[in-house]
Amino acid sequence: MPSQDARCRQSHFRPVLAVSTLVCGCSGLIATALAQTQTQAQKPDDSLQEVVVTGSRLIRTDLTAPSPTTVVSAEDIKLSGNVTLDKTLNEFPQLATGNASSVNNGGGSGILTANLRGLSTNNQAVRTLTLVNGRRFIPADQYGNVDLASIPDALIKRVDIITGGASAVYGSDAIAGAVNFVLDDHFSGLQATAQYGINSHGDGSQRKYDITFGSNMDGNKGNVVGSFSYTQENSFTQADRDFSAIPLADNSKHTGFVYSGSGNIPGTRVPLSATQLAGLEDLVPTTDPSCTSVTGVRFLAGGAATPYCQPEDTYNYAGFNLLQRPLERVNVTFLAHYDIVDHVTAFGEAYFVDSKNNYVLAPDSFTPVTPGAPSSTLLVPNYAGNPILSAATRQFLVDNANVFDPKGTGTASIVGGGRRADELGPREAFFQRISYNVTGGLRGDFDLIGQNWKWEVFGQYMYNRTNTSNINFVNQTRLSLALDAVTNSAGQVVCRVQISGCAPTSLFGSGSISAAAAQFMTPERDSHDEFFRHVAGGSVSGTLFNLPAGPVALALGTEYRKDTYTNDVSPFDLAGEYGAASNAALSGGFSVKEAFMETRLPILSDLPFVKTLAVEAAARYSDYTTVGNVFTWKAGGEYAPVEWLRFRGAFNRAVRAPNVGELYSAQTQGFTGGTDPCSVTAGSRSDALKALCVAQGVPASDINTFTQATLGLTQQSGGNPNLQAEKSNTYTIGAVISPPWVQHFNLTVDYFKVNVHGAITSINAQQTLNDCYTNLIPDSPTCLAVHRLPSNGQIDFVNTALANIGFLQVSGVDTQADYKLALPSLLELGGHAANLSLQATASWLFNRTTQSFAGAAPQDCAGFYGAGCSSGTGGFITPDFKVNMSAAYQSGLLSWRLVGRMIGGLDVYPGTAAFVKHVPPVWYVDTTFGVDLGEHVNLFAGIDNLANKQPPILGTTFVGDANVDVSLYDVQGRRYFAGVTLKL
């Protein structure tokens with residue numbers, strides 16, 4: 001494997017190689033960019049219309065802008081065969097993976113998100129701004145995420161992907177850039193589309209039905225458009241695919257994979273040392289000849305104990321865990337505008353979304369504990385005569401009292417046990433998201449000093465409610481009640497505390513939880529949250545005056561936004577009955593007032609070696625009720641020495657204000673392992689360290705003998721109302737090339753670099769302490785997070801709430817190319833002209849570096865997995881190279897497109913032991929056919945993942961339960977789709 005330095009050198013060479021490949025091999029492209037640059041150089045054309053492009057509020061007479069923008073057309077979305085937008089968008093190199101419909105464990109409420117450059121982390125820090133018609137859209141959770149399933153895809157005219165910070169133009173959250181969904185608000189007629197798809201395994205079927213109607217009004221003075229869409233996507237499990245049917249992990253020498261299920265098993269597993277195992281009595285011998293290693297005991301039906309074999313006796317959860325979450329969605333949308341008088345148009349937009357999805361996990365598993373007992377310990381009182389225990393279990397505990405009750409107290413201690421409550425059935429969480437969005441306003445134009453200006457005022461009301469229902473989750477408080485059993489006067493085994501229909505149960509032995517106990521322990525757990533957003537704004541744009549080089553454009557505006565969020569949890573959660581997994585109520589909000597401006601100043605034009613020279617600037621002043629005043633700005637320019645070559649560049653200072661969840665999530669405390677560096681048991685302590693300990697509250701008279709009184713630490717985590725806005729600097733510089741000697745060919749190359757300072761993140765208690773007592777800065781965030789008791793200097797708690805302590809950086813090169821040529825008559829159908837369009841887009845990440853806090857070592861995860869570069873809840877790996885290419889043929893009534901998309905190779909993070917050290921690039925090939933049957937009927941059909949390419953297996957250690965990164969690679973396999981569109 002190349003060294004880290006070698007990889008760094010390669011990172012500067014491979015983008016050049018990618019560009020060369022795109023230029024020299026354009027005539028052989030066979031896969032998809034599914035897009036073409038919106039910022040390509042244009043030939044002179046008197047018919048060019050004035051437009052406002054995404055990433056700018058200026059009126060332009062061309063499609064050039066300093067910020068690179070990729071366009072996805074409505075046809076691209078339709079011919080992808082996907083029924084959710086996340087799958088289509090995530091195929092673009094500029095977007096990294098995030099929550100998708102294939103993310104089950106860790107996928108939360110099923111919000112499908114866009115994640116430019118991989119800068120949005122944990123689906124909580126939203127650094128990609130999602131817009132519809134250039135305005136903010138319905139937020140789906142406390143973090144402000146927009147669910148892509150709520151966007152009316154049947155009305156999409158195009159999707160603009162602008163990379164680079166855009167806070168000066170759009171405000172907070174646009175650190176990585178923005179994705180703008182532009183809808184068709186001039187539709188006239190009736191169009192209906194029906195589509196069905198299924199994969200080669202016969203599961204995961206998809207259905208989508210769209211009806212769109214529109215009409216011009218009163219002599220084209222206005223238009224109204226309505227759209228209804230219904231989508232259904234069915235699920236399948238990990239057991240339905242060979243690569244995820246069996247949990248795998250590295251063997252001890254990292255030379256291969258071995259079966260590795262969950263240690264929480266039916267009947268309960270109890271870990272024991274070799275010495276303890278050697279002296280056990282009353283143990284049923286194992287009959288498994290393949291037993292690799294005995295690491296404890298497990299309890300069989302009836303409560304008898306037998307050796308626990310690792311890994312043979314671990315639990316395979318694949319038959320329950322979903323690999324594809326189900327979705328049922330209804331979208332209803334209305335768009336309208338009407339010229340009420342000359343130069344004044346009223347417009348309105350209304351959106352309704354009812355989206356349902358759910359996840360399924362294997363039956364609940366837990367470590368049985370007794371409240372107040374030592375960590376991970378279940379106390380079994382009166383085990384010799386406990387009526388809830390089976391006779392076999394009682395006898396086993398009595399015969400091995402030296403292990404479970406060495407002091408002879410009559411109470412057995414079961415430490416570190418693992419129980420899979422398979423009697424309860426799988427855990428399921430159901431989510432229904434109901435959203436409304438109403439926008440209304442006026443727009444028009446006026447003449448001022450010989451120039452025409454355009455203006456707009458608007459208001460928005462948005463509402464989202466998510467209803468959540470959880471079933472078969474164990475209520476820890478009720479479990480404790482059920483375990484505390486006595487014999488009543490009638491000789492019946494009952495709960496000591498008779499409440500809420502308590503039914504006693506034992507955890508020892510498979511099938512030991514009765515139906516009555518299961519019902520008692522798993523009450524339905526319902527909650528709901530609501531998000532309200534109010535927005536009002538206005539803007540004006542036009543030409544100040546004309547210079548010899550062209551018009552000086554100006555845009556001014558103001559905006560007000562108020563976000564309010566509440567989360568009402570179940571009464572069981574409010575009472576903390578699910579232990580550390582209990583949800584907390586949340587309520588909070590903020591408002592912001594903003595003013596912005598943008599201008600473009602042409603300096604020179606139509607001179608030798610200066611076809612165009614212009615500069616642009618934008619600025620936004622924001623006043624938040626939470627973080628106060630922030631200022632963002634942008635400066636950019638373009639230089640075209642000749643008509644066919646244009647250079648562009650920009651610098652953006654962007655911000656991200658903390659969202660409601662980051663600000664107001666409830667503070668909770670929990671016990672965790674850790675060592676106080678002020679304690680004499682922590683090792684060598686310098687005089688400077690001891691001085692800091694005294695300054696924090698350790699009595700000076702005790703510092704030389706000060707000893708930590710507890711075995712661990714209390715850690716306080718949650719939101720932080722004192723958070724400040726993140727700040728980022730984004731640099732882009734590139735070129736747009738349209739050589740006249742190659743007609744209809746365009747190429748763009750752009751370098752980008754994004755630095756995020758003061759990123760909102762959290763670290764654990766021990767990391768906090770280590771940083772504080774290594775750097776010894778009393779007023780540093782980590783030292784201020786240490787709270788000691790004033791009486792004795794012991795640590796009261798360590799505040800690990802979110803803080804502005806992180807750093808993020810990404811850099812790389814984007815390149816796009818498109819080429820269109822006429823084909824010879826031999827390839828024409830029915831005498832109709834034949835054309836071939838070739839497109840490609842590629843992105844190479846030089847680095848994607850994160851640093852949790854100032855004292856931590858930075859980690860570059862571009863192209864790596866493992867060691868923090870991939871998670872155990874889905875993967876979320878960021879490749880360092882992705883490319884999409886396509887070839888589209890059109891002649892008369894027939895169209896055919898061949899698409900290819902490549903995910904670059906991956907390496908295990910340096911220093912990480914792993915069986916799979918390298919993953920080669922993965923190619924997917926798709927194809928689509930379309931036939932027009934007259935003017936009113938279009939048939940289309942396609943095959944995605946034509947070669948049935950399977951995802952690379954990395955094992956559960958690196959990418960979670962499914963053995964593969966379900967967010968990055970295709971988990972469905974080959975799939976077929978077909979549909980029909982009727983137009984009237």
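These questions and answers cover selected features of a predicted model.

Q: Which element gives the largest share of the nonpolar patch on the surface?
A: The patch is formed by Leu544, Phe545, Leu547, Leu601, Ile603, Leu604, Leu607 and Val615, with about 600 Å² of accessible area together. Two elements give two or more residues to this patch: strand 27 (525-547) and strand 29 (586-607). The largest share, four residues, comes from strand 29.

Q: Is Ile603 buried, partly exposed or exposed?
A: Ile603 is one of the residues of the nonpolar patch. Its place is in strand 29. Buried means under 20% relative accessible area, and exposed means over 50%. At 43%, Ile603 therefore counts as partly exposed.

Q: Which residue is the bridge partner of Asp907 in strand 46?
A: Strand 45 covers residues 906-908. Strand 45 and strand 46 pair in the antiparallel sense over two bridges. In strand 46, the bridge partner of Asp907 is His918.

Q: Which elements do the buried residues of helix 12 pack against?
A: Helix 12 has a buried side, and the face turned away from that side carries the exposed residues Asp687 and Ala695. The buried residues, among them Leu689 and Leu692, pack against helix 13 (765-775), helix 14 (781-784) and strand 37 (786-788).

Q: Is Asn133 buried or partly exposed?
A: Asn133 is found in the loop between strand 3 (128-132) and strand 4 (135-136). Beyond four places in sequence, Asn133 touches Asn180, Phe181, Val182, Leu183, Glu349 and Tyr351. The cut-off for buried is under 20% relative accessible area. Asn133 is at 21%, so this residue counts as partly exposed.

Q: What separates the C-alpha atoms of Asn133 and Phe473?
A: Asn133 sits in the loop between strand 3 and strand 4. Along the chain, Asn133 and Phe473 are 340 residues apart. Their C-alpha atoms are separated by 42 Å.

Q: Is Thr130 buried or exposed?
A: Thr130 lies in strand 3. Leaving out residues up to four places away in sequence, Thr130 touches Arg135, Arg136, Phe137, Val146, Leu148, Ile151, Val179 and Phe181. Its relative accessibility is 7%, so Thr130 counts as buried.

Q: Which residues does Pro641 touch, not counting residues up to four places away in sequence?
A: Pro641 lies in strand 31 (residues 628-642). With a relative accessible area of 15%, Pro641 is buried. Its contacts beyond four places in sequence are Phe609, Val610, Lys611 and Phe647.

Q: How many Å apart in space are Pro641 and Thr88, C-alpha to C-alpha?
A: Pro641 belongs to strand 31. In sequence, Pro641 and Thr88 are 553 residues apart. In space, C-alpha to C-alpha, the separation is 37 Å.

Key:
Residues numbered from 1 in each chain as written. Predicted model: local features only at pLDDT ≥ 70, side-chain atom pairs only at ≥ 80, totals over all residues. Heavy atoms only, no water. Patch = residues over 30% accessible without salt bridge, like charges linked within 9 Å, V, L, I, M, F, W, Y side chains within 5 Å. Areas by Shrake-Rupley, 256 points an atom, 1.4 Å probe, with all protein chains shown as cover. Salt bridge = Lys/Arg side-chain N within 4 Å of Asp/Glu carboxyl O. Buried < 20%, exposed > 50% of the residue type's maximum accessible area, 1.4 Å probe, protein only. Pairing = 2+ DSSP bridges. Contact = heavy atoms within 4.5 Å.
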